[in-house]
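Dear colleague,

Please find the structure below. My findings follow it.

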Amino acid sequence: MQRRRFLQSSLTGLLASQALPFSLSLHAAEGPINTRPIPSSGEALPIVGMGTSRTFDADSSEDSLSNLTAVMQAFFDGGGRLLDSSPMYGQAESRVGDVLSRIPDHPKPFAATKVWTEGRDAGISQMEESARRMGVDKFDLMQIHNLVDWRTHLKTLRDWKEQGKVRYIGITTSHQRYHEEVEAIMKHEPIDFVQFSYNIDNRAAEKRLLPLAGDKGIATLINRPYQRGALFRRVRDKELPPVAKDLGCDSWGQFFLKFIAGHPAVTCLIPASSRPHHMADNVGANFGPLPDERQRAQMLADFEAA
Ligand SMILES: NC(=O)c1ccc[n+]([C@@H]2O[C@H](COP(=O)([O-])OP(=O)(O)OC[C@H]3O[C@@H](n4cnc5c(N)ncnc54)[C@H](OP(=O)(O)O)[C@@H]3O)[C@@H](O)[C@H]2O)c1
């Protein structure tokens, strides 16, 4: 309760001032951040990243920018670093760029976006445009969105990685019907990251993709961790079960994120939110214990009984 009160009062102040310096981290007193290494390099990533689909596809009015700035600030204050976007998400890449330029001295984000078009030249132009829109010199991670023309873009991305124009490369999907093709790419192509959906109510990735990522040393980015918000509707008005307390979860959101983060092959999960207090809630899962196998089984049983 104490932490929640602190977060709420801090966020109220943040919304009023829009200028909370990073050094006043909301979570500074809560111990080390939960990180996982990127297998291909050993670089540590905080376990909670941020998605931008729909939430950052907003207009550039002052109200909208000021709200999204507070979302981003809450993300950074909770130790978040990885930002995931795509040219598929309307204005999202531009809003990320706008908001970053409004936060003085923000920590360096781990900037990830996607290429989502056909053809080599169109892919290159799109990736260059994304860098301009998000205001990054060099992407940390470039992913091929939904496997669109993946053979063409993978060749470009391998060249770019060799030339130092991108740090990591990967592929994404959010549809189970593509899992076989994703699996084949993971087996045969040199990629650093794979992104797919996984959450307490959609565990298809446990069968093959997560174990394969673990075996091959491929980092995993988990999309739709809240099943686009549907998980919250399942537990509306339900009390958190006792295991949540053992894991330091203040909310169902943290319960859902920690369930995912407890899987040993998960590197980073990317919930999206348009609300600062939801983002502050999400980055809470960067702290405190993560569940072991026995606790994850208990969480699953509790969720199914809810
Ligand atoms: N093929 C692909 O590459 C692919 C496909 C799908 C998704 N993605 C990536 O994955 C990201 C995440 O997936 P998603 O955006 O589809 O869905 P999601 O993160 O599972 O769910 C987002 C929804 O959860 C709500 N929410 C977030 N935090 C909350 C909290 N603490 N308490 C209550 N509600 C909360 C949000 O509403 P509020 O705005 O009200 O907080 C929003 O409606 C995307 O943004 C995108 O970056 C990639």
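Helix 2, residues 62–77, has 16 residues that at 1.5 Å a residue should span 22 Å, and this agrees with its end C-alpha atoms, which are 22 Å apart. The expected span is 1.5 Å times one less than the number of residues. Helices here are DSSP runs (H or I, at least four residues), numbered from the N terminus.

This is a predicted model, in which local features need pLDDT of at least 70, side-chain atom pairs count only at pLDDT 80 or more, and totals for chains, interfaces and linings use all residues. Residues are numbered from 1 along each chain as its sequence is written. The pLDDT (the predictor's confidence in each residue, from 0 to 100) averages 92 over the chain, and 90% of the residues score at least 70. Over residues 1–29, however, the pLDDT is below 50.

Just after helix 2, Gly-79 has a positive phi of about 85 degrees.

How do helix 2 and helix 3 cross? The axes (lines fitted to C-alpha atoms, for helices over the stretch in contact, with angles from 0 to 180 degrees between N-to-C directions) of helix 2 and helix 3, residues 92–102, come within 9 Å and cross at roughly 75 degrees. Helix 2 is therefore roughly perpendicular to helix 3 (angles under 35 degrees count as roughly parallel, over 145 as roughly antiparallel, 65 to 115 as roughly perpendicular and the rest as oblique). Leu-65, Leu-68, Thr-69 and Met-72 of helix 2 make the contact with Arg-95, Asp-98, Val-99 and Arg-102 of helix 3 (C-beta atoms, placed from the backbone, within 7 Å).

Yours sincerely

Terms used. Helices (H or I, at least four residues) and strands (E, at least two) are DSSP runs, numbered from the N terminus. Two residues are in contact if their C-beta atoms, placed from the backbone, lie within 7 Å.
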